[in-house]
Amino acid sequence: MNRVLPWLLVTPAILAILVLLVLPLLDTISVTFIQEEGVFAGYQDFFDRRFNRGVLWRTVRIALIVTVIAIAIGFPTAYFIARAPRSWRSILIVASVFPLLTSTVVRSFAWIVILGRNGIINETLMGLGLISEPLSMLYTEGAIIVGLAYLFSPLMILSLVGVLENIDKSVVEASISLGASPAKTFWRVILPLAMPGVIVGAVLVFTGSFTSYTTPVLLGGQRNTVLATLLFREAMTEFDWASASTIAVIMMVLTISVVLIMSRVARRLNPAAA
Amino acid sequence: MQRSSPLLVITAIAVFIFLLGPLVIVAAASISNTEFLAFPPQGFSLRWFVNVFEVSAFRDTFLISLQIALLGTFLSLLIGIPAAYALSRFGFALPKALSNFFVLPILVPQIVFGFSLLSAISVDFDLPVFPTLLIGHTIIVLPYSIRVVGASLATFDFSAEEAAISLGCPPMKTFYTIVLPNIRGGILAAFILAFITSLNNVPVSLFLTGPGISTLPIQMLTYVENFFDPTVAALSVLLMALTVLVMAVVEKTLGLGYFVR
Amino acid sequence: MTKSLNLTGISAHYGRTQVLKDLDLDVKAGELVSLLGASGCGKTTTLRLIAGFLHATAGRVALDGRDISAVAAHRRDIGLVFQNYALFPHMSVADNVGFGLKQRGVAPQERRARVGEMLDKVGLAAFADRLPAALSGGQKQRVALARALVIKPSLLLFDEPLSNLDAKLRVDMRVEIRELQRAHNITAIYVTHDQEEAFSISDRVAIMDAGQISQYDTPEILYRKPANAFVANFVGFETMMGLRVTGRSGGVTTAEGQGARFALDEATWGPLPDAFTLGARADGLRVMAASEDDGLPAKLSVRTYLGRSYHYRAETPVGSVVANGSIDRPFNEGDRAKLVLVPEQCCILPATP
């Protein structure tokens with residue numbers, strides 16, 4: 001068998017990623033270190049600014065909260081789907097996938113209709129006479145969190161349905177037959193076995209929220225800047241490309257570190273690997 | 001005969017209302033006969049649907065999005081299928097890290113990639129907007145092509161290919177007559193997934209739109225930031241209808257198992 | 001403490017289909033009873049019902065006379081051994097075995113001692129710290145057995161525990177299961193579709209068909225005196241002939257039907273009703289010359305050599321059957337012959353209308 005053929009077949013894909021993804025990224029990275037004031041001056045400058053630190057912390061905070069919410073609502077739902085009868089299961093999976101295939105603009109926009117001044121919540125509360133002035137829910141950090149939780153929960157559900165379906169039903173029954181209550185069975189057997197799925201889902205939700213642009217722009221307004229909106233503003237409004245590059249590298253490094261660390265954790269938790 | 005906790009059922013129902021309710025609300029708001037977004041809709045009117053087609057920016061950007069998505073998906077399959085084939089067939093002869101390397105476009109935050117493309121390619125090489133957009137979209141959907149086609153190849157028994165060759169069929173022809181027909185489902189799934197991903201993409205396109213050229217999601221974003229009428233709600237309904245159509249095609253041809261992978 | 005088990009009037013449904021129909025089963029304390037039948041006969045449903053994972057639509061499950069129908073599965077104190085072992089993949093062998101003791105609040109020290117003792121008994125003391133993924137099929141099954149036994153359950157349930165093992169291991173393991181069950185004096189229910197397995201280890205066997213128990217008896221009786229055509233067929237009486245008595249004289253009953261005629265000695269066959277069905281195993285039909293007075297006329301087709309005898313496929317008025325022929329006098333394929341009966345390999349069943 002010739003040794004050239006396999007390489008020949010993968011070369012176009014390798015070249016495409018190398019030239020069109022890796023090189024531009026290296027270019028962006030190099031920009032941040034080639035500064036007149038010194039190699040790390042760009043980063044020094046970024047972290048020196050109280051505002052930037054606030055933006056970074058807000059972005060991380062939002063992503064963490066969204067991840068926790070996604071796990072909290074994703075786990076029971078995925079468990080329900082995994083245990084549902086076959087015919088139901090595919091309908092429920094479609095219902096979870098459908099939002100994912102819909103534009104993020106549409107899905108974020110929906111929350112403007114719900115949370116806005118004339119939105120459903122305000123209209124309902126005022127109609128009931130519970131409030132006299134509309135609440136300002138839109139353009140807050142809470143709105144971003146709700147929007148992102150809405151955006152990314154399906155990802156969590158789908159990651160979990162896979163692992164939960166793979167948990168042998170008889171393992172759960174074995175636990176119960178040995179005297180563990182359903183609650184104990186959940187903590188001691190189901191959750192540990194589902195942990196790889198939780199981690200995969202959490203990584204997807206966290207990195208997705210951490211780097212999201214559309215939802216913060218539509219639901220967060222001007223005041224609740226996150227890293228992605230800051231990057232866009234520096235690049236396209238301030239035309240400060242050095243700063244924009246620095247933000248880009250910070251986002252990239254954090255995202256990739258989270259992915260690498262968590263995938264290592266997931267691998268260690270996987271019993272089959274031992 | 002098996003009991004299911006009522007708490008679990010209630011939670012699941014609540015979550016599905018949370019997942020699908022907002023989309024229903026958008027759909028309802030699109031038929032409101034008001035100048036602003038209203039739910040429950042006040043009056044009934046299809047004028048916002050008419051308006052979608054009257055706003056030329058939506059029409060133009062939709063066509064551009066369509067071209068980019070079709071071309072980008074096609075290109076990604078063109079380089080992705082051989083790569084997926086090589087990984088399943090000759091995986092042993094290739095470095096293990098290669099399949100991780102092919103995930104890179106998903107790993108890198110898209111907004112970062114979009115920005116890098118702008119600064120490195122569009123500006124440094126003075127490349128026009130359209131090809132730069134095409135490059136960006138091709139790269140971000142490439143992992144889908146490789147992985148979905150790869151999943152399909154993983155269930156293919158390559159001894160059938162060897163059988164064909166032993167029967168005198170030349171290798172290239174064997175690929176077309178034996179391998180390709182068996183992974184048609186995977187290719188279709190990859191195509192649809194990549195197409196929808198490209199069509200909906202915001203963060204990569206964000207930096208790459210230029211004078212006269214923009215994509216539909218970016219145009220919608222701009223519109224929503226400036227207008228509060230239900231036009232975007234109507235447009236959303238049209239896009240959801242497109243998604244339903246695509247899902248129906250997938251369901252008909254492949255079954256829904258493909259979405260879970 | 002060893003307990004008896006009583007199922008009374010059990011019915012169960014999956015949606016609209018009824019899978020158990022008014023089923024009764026009594027198991028004495030310390031007995032090992034097998035539920036035997038093809039897939040879909042309701043044997044696994046019965047087992048899961050006893051374990052508490054399914055709920056009957058009617059009837060009563062009682063342990064030592066106490067109704068446990070309303071007791072939650074995790075409070076039933078029933079050991080369960082699964083077909084696929086169902087070991088907890090994220091726990092070591094010792095933790096798997098100790099899991100039930102932990103749920104019962106057994107102190108760590110005692111727990112360790114009992115787990116160690118149990119692992120010794122099943123010969124896996126050296127594997128205590130391994131994960132299940134690192135064990136062979138037989139070892140996994142031993143862990144599953146140890147895990148179910150260590151809690152000293154009042155009842156032990158086996159769900160096709162050996163069907164994932166190879167043939168030789170299956171034979172070894174069933175002896176081991178029987179020994180452990182006896183040694184611990186635990187009442188046990190054993191579900192299987194393998195007749196040999198069920199007969200070899202059980203005190204009594206319930207042969208199930210379409211959600212009902214067709215016959216419930218000791219293996220010996222089931223094997224020799226099946227009560228109905230279903231059981232007879234299940235234990236290997238493959239050929240069935242409907243016969244009618246045409247004469248009784250001098251201790252010999254003559255029976256005819258379906259082209260056959262047999263003279264049956266009452267000393268061997270016992271008193272026979274006027275009409276009955278006769279069931280025969282392959283070894284219950286012996287190929288003789290066509291010139292014999294009595295027997296089932298046959299035309300021989302394929303002959304296979306089995307060492308001690310020949311087996312023939314024979315076309316007869318009751319259909320295509322397998323019969324046994326002497327090694328000393330081989331017949332040729334295509335010969336006409338008479339098939340006569342070997343009483344020990346035949347059974348008498350009620351006439352089918």
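Over all chains, the count comes to 19 salt bridges, a salt bridge being a side-chain nitrogen of Lys or Arg within 4 Å of a carboxyl oxygen of Asp or Glu. The model is a predicted one, so local features need pLDDT of at least 70 and side-chain atom pairs count only at pLDDT 80 or more, while totals for chains, interfaces and linings use all residues. Residues are numbered from 1 along each chain as its sequence is written, chains are lettered from A and ligands numbered from 1 in the order in which they are written, and side-chain values use heavy atoms, with hydrogens and water left out.

One of these salt bridges joins Glu173(A) to Arg48(C), with the closest N and O atoms 2.7 Å apart. The pair crosses between chains, running from helix α8 (residues 169–177) of chain A to helix α1 (residues 43–51) of chain C; helices here are DSSP runs of H or I with at least four residues, strands are runs of E with at least two, and both are numbered from the N terminus. Glu173(A) counts as buried at 6% relative accessibility, and Arg48(C) counts as buried at 16%. For these labels, buried means under 20% relative accessible area, exposed means over 50%, and partly exposed is in between (1.4 Å probe, protein chains only).

Chain C has salt bridges of its own. Arg204(C) pairs with Glu31(C), and their closest N and O atoms are 2.6 Å apart. This one ties together distant parts of the chain: Arg204(C) sits in strand β9 (residues 204–209), Glu31(C) in the loop between β2 (17–27) and β3 (32–36), and the two are 173 residues apart. Arg204(C) is buried, with a relative accessible area of 16%, and Glu31(C) is buried at 8%. Then there is Asp294(C) with Arg261(C), at 3.0 Å between the closest N and O atoms. Here Asp294(C) is in the loop between β15 (285–289) and β16 (296–305), and Arg261(C) is in strand β13 (residues 260–265), 33 residues apart. Asp294(C) is partly exposed at 22% relative accessibility, and Arg261(C) is partly exposed at 36%. Over in chain A, salt bridges that share partners join Arg58(A), Arg61(A) and Glu141(A) into one network.

Now for chains A and B. In all, 74 residues of chain B are in contact (heavy atoms within 4.5 Å) with 78 residues of chain A. The two chains bury about 6,800 Å² between them, 86% of it on carbon and sulfur atoms; buried area is the accessible area (1.4 Å probe) that two parts lose on being put together, summed over both. Phe16(B), Phe18(B) and Phe115(B) supply 9% of the area that chain B buries against chain A, more than any other three residues. Across this interface the rule finds 0 salt bridges. Helix α1 (residues 6–29) of chain B gives the largest share of the side of chain B that touches chain A, with 14 residues.

The largest nonpolar core has 244 residues, and those with the most contacts inside it are Leu164(A), Phe102(B) and Phe207(B). A nonpolar core is a set of buried Ala, Val, Leu, Ile, Met, Phe, Trp, Tyr and Cys residues joined through side-chain atoms within 4.5 Å. Helix α7 (residues 141–166) of chain A gives the most to this core, with 14 residues.
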